[in-house]
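Hi everyone, thanks for making time for this. Let me put the sequence and the model up on the screen, and then I'll walk you through what I'd like you to see.

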There are 2 protein chains.
Amino acid sequence: MIEKTAPVPAKQKSILNLLFGRALSSEEDAKEKIGPAAGIPVFGLDALSSAAYGPEAALTILIPLGVAGVAYILPISLTIIVLLGIVYFSYRQTIAAYPNGGGSYIVSKSNLGERAGLLAGAALMLDYILNVAVGISAGVGALVSAVPALQPHTLEFCLAILFVLTVVNLRGVREAGLVFMVPTYLFVGCLSGLIVAGLFKTLVHGGHPLPAVPVSRPGPAMATVGAWLIVKAFSSGCTAMTGVEAVSNGVQVFREPVVKHARATLTTIIAILMLLLAGIAHLCRVYGIAAAPPGQPGYQSVLSQLAAAVAGRGFFYFVTMSAILTVLALSANTSFADFPRLCRAIAEDGYLPDLFTIRGRRLTFSYGIYVLAFVAALLLTAFRGVTDRLIPLFAVGAFMAFTLSQAGMVMHWRRSGGPGSRTSMLVNGLGALATGVTTCVVIVAKFTEGAWITVLAIPGLILLMSAVHRHYQMIVRETDCRRPAQLNDIVPPIVVLPLQRWSKVAEKALRFAYTLSHDVLVLHIAPEEEGNAPAHDDLRSVWEEYVEKPAVKAGFTAPQLVVLHSPYRLVITPILQHVLELERKNPSRLVSVLVPELLERKWYYYLLHNQRATALKVMLYAKGKGRVVVVNVPWYLRS
Amino acid sequence: MIEKTAPVPAKQKSILNLLFGRALSSEEDAKEKIGPAAGIPVFGLDALSSAAYGPEAALTILIPLGVAGVAYILPISLTIIVLLGIVYFSYRQTIAAYPNGGGSYIVSKSNLGERAGLLAGAALMLDYILNVAVGISAGVGALVSAVPALQPHTLEFCLAILFVLTVVNLRGVREAGLVFMVPTYLFVGCLSGLIVAGLFKTLVHGGHPLPAVPVSRPGPAMATVGAWLIVKAFSSGCTAMTGVEAVSNGVQVFREPVVKHARATLTTIIAILMLLLAGIAHLCRVYGIAAAPPGQPGYQSVLSQLAAAVAGRGFFYFVTMSAILTVLALSANTSFADFPRLCRAIAEDGYLPDLFTIRGRRLTFSYGIYVLAFVAALLLTAFRGVTDRLIPLFAVGAFMAFTLSQAGMVMHWRRSGGPGSRTSMLVNGLGALATGVTTCVVIVAKFTEGAWITVLAIPGLILLMSAVHRHYQMIVRETDCRRPAQLNDIVPPIVVLPLQRWSKVAEKALRFAYTLSHDVLVLHIAPEEEGNAPAHDDLRSVWEEYVEKPAVKAGFTAPQLVVLHSPYRLVITPILQHVLELERKNPSRLVSVLVPELLERKWYYYLLHNQRATALKVMLYAKGKGRVVVVNVPWYLRS
């Protein structure tokens, strides 16, 4: 056995390097590890940006209540914050238990079985895809409402951002962290500043601050408050929690000590998110800010109204809005970090095509990125960049995954036992219960508004993944071989060589034929045009002199010449039928069909050749019974 | 040598039969021969339909002269009729001299040399393509001006007609003759009736008949008559002559006696065309009918005005218009009959791809039909079904081909000598002179209006055909072999077998490897993920037991195992480099790369496999130096 290390690829295409960075070797993997400072933008963007649309989604449901509705935002937000706290403690434990990455898929699969794992996997896949579409379109939607002149180009902006994200992520995760650090911290800084300034003004003015810019009055009340409306507002507001599972999915990306760094990142993200949600809810109430009906002329988002009311429409307003827009658009990046990893994990278990496990030149799982970008581009194009309606959908996937993950952790502790396992079980059990109830609430509350799509799509994905798995298992069953090779009954194949004229190409193919077997059969389709004298290279006229005699002289059995007359001018069919007949009549031997092939130096020269060789190969393999082997004998044209 | 006749294909796809008719054997060719009754529609449609736009094209140029311009249509038409007579006698001789088909290409090539033949071929190819686009769009244009409500669907009608023509012609020429017989004879009958009725009324009313429907007055004169304007009107009117060469191109389609049938067909077509042109010109003058500016609201074609003036807008008017519309659209069929034959003739001389010589299941040269239909569809789509501007273009090609063909006939008679050859030479010489002068006149008069495109496109096509020819010659030079096969120095190849796991697929490939050579080398890319225990089918762990020992026991040299470590996770590149190195180090041996391949039963299962086998083959052939042969060893999956 010889062991060799493949050398560094000598020449890299420079355009690829420019776009995606130079190729990285597997050993450079360690350098790609990150700490909390980079981890917060990479894994927190999705969770943090939810603060920009979660409260707004809840307030939009409360619009029919008019000015009275604004009061309910505080209890709803507090409920969500409590839920967030429960989920936080639950995921802290997951990080410690699964330092190699404890996504809902892995946790559910290893603790609740394959079916639960697939359910979690399907829910998460949908969730990630929707998150890309919704994040980008929400960002562009905000941009467009701030600068209405850009509105006609909504879709173009969406696709441009998607393209940039795709390229950045194909470069690999470390650069992604650096690219997204500035806007994320700017977003957190601006919103925090806004909240602190708002609280200060509230204190100074005895709880009733004067807005810097007049706040538009909420419309008149058109409904009275009811439990169902509050539940629906809560369900919409739950979109503020999407994305908090990202850290536990990607623990292995952190540098040593892994668990500590990951936990610090999770703690920071959740703490900031809680403060943002609480602050926004409080200020909405004291300033009396209600949501504006989406899609109406003069629409202003809740955060835009809030920033204008606290700080006026000055420099700070525009910096804040820019940060919100950027972060909303880039929140899609969380999916780009995690979707390919999820697909890889599922593919390694044989439930998705093998392609998802192949790492590209920059150590990223490129096919996952391609699929995510492609499906997101389809969704964006189909909805022309306006995906309001998709927002409720993805909360379902996220909460379903939360629940399965935490239920899995309960089983994990139950199995592992040991000191503290009862407490841990309790923490995760509480999390599972809370998120499970929320899942049911969201599905029921949002069923007619789109949750039914998720409820249909998830089983569809599971069926697909199961079919893939069955197929791979079938292949392994059919090809598995737990015994030594049987090599003592090898019979040379029957070689079939279709030839039209005598040439160097024919000679090379004949020489190759004799390395395979002494049993060579040349098939010749007789040209149908009568009256033409045979050409100097006509096979029949030179057969004896050029083929038979030299073969016998070299000690081989002379090849057999079979001339086929084809009244239908068909070339492929007679060869095919003859080969299949040979295969049938010789049940113990392989039939090797040698097809001479001209290799051109430029692709467009292939237009000058009929594609009979390819067609013949496809037909032989489609109709063969298992003992036909097609060999293309290449002839390299020099010029 | 064994001779066999391939059996009739057992099962024909019924949908193909329905659309294109059952497959025909070569012997059925004779049954497809036609006589003059079918020959007139097949070869005369293009020529006869020219009567519908030739006079109109000349009258359109005369519009600026106002009512005075109408008087000039008679001398112009008479000049064209004289020219037509000269061309007729010229082509009569071509038919006798070339009973196997004497198209301009063949006549020019065999008498004036390859370059002149290519010039004629290129001119005709463009001409045929333009004729399809112009014929269809003129027909639909006329339909649309008769029933203005259909105008928004112009392009759809054009493409639908093109599709029908394509399908009909793929069925073969005999059916085409039957399909087009009725409209052609209806067209000739209606126009003749119209002319006879018009002449009768003229006689009755002493030369000044009253129009049945008021004729719109020509606009005021905006120019005075000049020689240049008359020359331009003549050049436009010459489009009335396009298509008369069709019979001589297709002589071989007629049944015995071939020459007599072909000549009778040509005589009939030319006589009818002359009568139609003379009658139309005369009636235009007596009724004072001028052309209406094309593309203006309320536009009426000259024939529409004429039919209305003579017969009123009654039943006869609409029958006549329907016949004109149908025949205009179907005139494109002449091109469908001749373009594929022309391409085949050029391809057989090696100036066009081989594909054009392949006869399809209905004995038609299908690829020529495909190319014609495709290019015509492109032209129609690009001009949105309105191809007024293309009409002048195709007169250039037609007259260039006329001239070359007749100049070729002059050389033919000069060479053949014998009684009567001097007279024949004179007839063809006169034809060549007349059409040659006309070609120059048309090019000069129409240069700025589009003839320059033809003048550019024809040399372009010639260059392309020459390039194709050079390439085929190069291939023959490189592969020609006028000596016996060298078979006494055959060395078995080095066999390279890339394997990742031990399986039945691997075993089959190994067995095949040993039929090729005892020199087998297995390449194994070591998986990079550390920490995983090797699987039961990991190649290294079973190598000795499953491969080495059985090989030695069976009397073979044991295969060599080369383990490649690939720090860039690349699989193809290390294999490629290793094989190329082997090829370099063994200059006297072939290197056979065996690639096991799973054959799935359904195409979509291939989505589950990475396409590394295909990529490896492409790379090996692209970078190999001539001694690499890739063999796909197939494993047929049962389910």
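Let me start with a definition: I call it a salt bridge when a side-chain nitrogen of Lys or Arg lies within 4 Å of a carboxyl oxygen of Asp or Glu. By that rule, the structure holds 20 salt bridges over all chains.

Now some housekeeping. This is a predicted model, where local features need pLDDT of at least 70 and side-chain atom pairs count only at pLDDT 80 or more, while totals for chains, interfaces and linings use all residues. Side-chain values use heavy atoms, with hydrogens and water left out, residues are numbered from 1 along each chain as its sequence is written, and chains are lettered from A and ligands numbered from 1 in the order in which they are written.

Let's look at chain A on its own. It has 20 helices and six strands; these are DSSP runs numbered from the N terminus, helices being H or I with at least four residues and strands being E with at least two. Of the 639 residues in chain A, 57% are buried. Here buried means under 20% relative accessible area, exposed means over 50%, and partly exposed is in between, with a 1.4 Å probe and protein chains only. Chain A exposes about 26600 Å², and carbon and sulfur atoms supply 66% of that; these areas come from the Shrake-Rupley method with a 1.4 Å probe, and for residues only the protein chains shown count as cover.

How about contacts? A contact means heavy atoms within 4.5 Å. Among contacts in chain A between residues at least 6 apart in sequence, 80% join residues at least 24 apart.

Is A:Thr184 buried or exposed? At 1% relative accessibility, A:Thr184 counts as buried. Leaving out residues up to four places away in sequence, A:Thr184 touches A:Pro41, A:Leu45, A:Leu48 and A:Val327.

Next, two salt bridges within chain A. A:Arg341 and A:Asp338 meet through their side chains at 3.8 Å, N to O. These two are three residues apart in helix H13 (residues 332-348) of chain A, so about one helical turn separates them. Both A:Arg341 and A:Asp338 are buried.

The other one is A:Arg589 with A:Asp519, where the closest N and O atoms are 3.0 Å apart. This pair links distant parts of the chain, 70 residues apart: A:Arg589 is in the loop between helix H19 (572-585) and strand E5 (591-599), and A:Asp519 is in the loop between H17 and strand E3 (520-526), both loops of chain A. A:Arg589 counts as buried at 18% relative accessibility, whereas A:Asp519, at 35%, counts as partly exposed.

Now for the two copies together. Chain A can be laid on chain B with an RMSD of 0.1 Å by a turn of 180° and a shift of 0.0 Å along the axis. The two copies are thus related as by a two-fold rotation axis. The superposition is by least squares on the C-alpha atoms of residues with pLDDT of at least 70 in both copies. The same surface serves both copies, with 100% of the contact residues of chain A recurring in chain B.

How many residues does the contact take from each chain? It takes 114 residues from chain A and 114 residues from chain B. The size of an interface is often given as the accessible area lost when the parts come together. Between chain A and chain B the buried area is about 9900 Å², of which carbon and sulfur atoms give 57%; buried area is the accessible area (1.4 Å probe) that two parts lose on being put together, summed over both.

There are six salt bridges between chain A and chain B. The side chains of B:Arg483 and A:Glu507 meet in a salt bridge at 2.9 Å, N to O. B:Asp480 forms a salt bridge with A:Arg501, and their closest N and O atoms are 3.4 Å apart. B:Asp480 lies in the loop between helix H16 (421-479) and strand E2 (494-498) of chain B, and A:Arg501 in the loop between strand E2 (494-498) and helix H17 (504-516) of chain A, so this pair joins two chains. A network of salt bridges also links A:Asp480, A:Arg482 and B:Arg501.

That's my tour, and I'm happy to take questions!
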